[in-house]
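Please look over the sequence and the model shown here before reading the notes that follow.

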Amino acid sequence: VTETGARINDAARTTNEQSGFQFGLEHTLSANQGLMFNVQRQSSEGANQGVGGFNLPERASTRLGDSTQVRARLQSVLGTQYLNEARLQVTTSGNEAASASSAATVVVQDAFTRGGAGITSDSSTTRLELADNFDFTIGKHQMRVGALVEGAFYSNFEERNAAGTWTYRTIEDYLASRPAQFSQRLGTIDTSFSQYQAGFYWSDEFRAHRDLTIGLGLRNEMQ
């Protein structure tokens, strides 16, 4: 119903769209070196989210999401006993949400909800990983030494119910401008930070007998 008591009969189309692609490449650089490269990308979009039931079309919000991953690996054979593998991986992701209207929310219980959805948000994450493994053989010992460095960067912004929400128990209270409750969230969440960690490791597999292999390893990580 509206302010005049007429019934509301409106429709809005809600959509959810997703798309993505992947690209991979493997290339032999020389007789002893090989390169692998891979890219993955995905994105999504949701329009007119939150509409339906008692929620009028003006309550719609749009939500966006995306993620990208890039990976590269270089393998090198050194002589007959040595193998080196270097890896790089970068991953990014993000999510956004925005209200179609910035108006205050009006809730009339068991009748309708109108006004803005009251949400604005934007978050993103970027991760970087760099690793190197060196495999070699000494007699009956198969050893690996390596290092791993990781970095992550985060940011987040969120604002909810900034324009406030008016709640009415009945349509009569709404027509008479007698709200039962008003709520409003003041302030926003706006944060960003980064995190780093590194690791060093060594492992040894010793074939003591054809039916017995002994493995040892050490790993140290710092953050």
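In which strand does Val-149 lie? Val-149 belongs to strand 8, residues 141-160, where strands are DSSP runs of E with at least two residues, numbered from the N terminus. This is a predicted model, in which local features need pLDDT of at least 70 and side-chain atom pairs count only at pLDDT 80 or more, while totals for chains, interfaces and linings use all residues. Residues are numbered from 1 along each chain as its sequence is written, and side-chain values use heavy atoms, with hydrogens and water left out.

**Strand pairing**
- Strand 7 pairs with strand 8 in the antiparallel sense over 20 bridges, pairing being called when DSSP finds at least two bridges between two strands.
- Strand 4 (residues 82-99) runs antiparallel to strand 7 (residues 119-138), and 17 bridges join them; Thr-92 stands opposite Thr-126 in strand 7.

**A nonpolar patch**
- Leu-88, Leu-128, Leu-130 and Val-149 make a nonpolar surface patch of about 330 Å², and Leu-130 stands opposite Val-149 in strand 8.
- Such a patch is made of residues with over 30% relative accessible area and no salt bridge, with nonpolar side chains (Val, Leu, Ile, Met, Phe, Trp, Tyr) joined within 5 Å and like charges within 9 Å; the areas come from the Shrake-Rupley method with a 1.4 Å probe, and for residues only the protein chains shown count as cover.
- Val-149 counts as partly exposed because its relative accessibility is 45%, the classes being buried under 20%, exposed over 50% and partly exposed in between (1.4 Å probe, protein chains only).

**A buried arginine**
- Arg-59 lies in the loop between strand 2 (33-49) and strand 3 (61-78).
- Although buried, Arg-59 has no salt bridge, and the nearest side chain of opposite charge, Glu-58, is 7.9 Å away; a salt bridge would need a side-chain nitrogen of Lys or Arg within 4 Å of a carboxyl oxygen of Asp or Glu.
- Leaving aside residues up to four places away in sequence, Arg-59 touches several residues, including Gln-49, Thr-105 and Arg-114, contact meaning heavy atoms within 4.5 Å.

- Most residues other than glycine have a negative phi.
- Asp-110, in the loop between strand 5 (105-108) and strand 6 (112-114), has a positive phi near 60°, and it is exposed, with a relative accessible area of 71%.
- Asn-161, in the loop between strand 8 and strand 9 (165-168), has a positive phi of about 50°, and Asn-161 is buried at 18% relative accessible area.

Definitions and conventions. Helices (H or I, at least four residues) and strands (E, at least two) are DSSP runs, numbered from the N terminus. Lys and Arg count as positive and Asp and Glu as negative; His and the chain ends are not counted.
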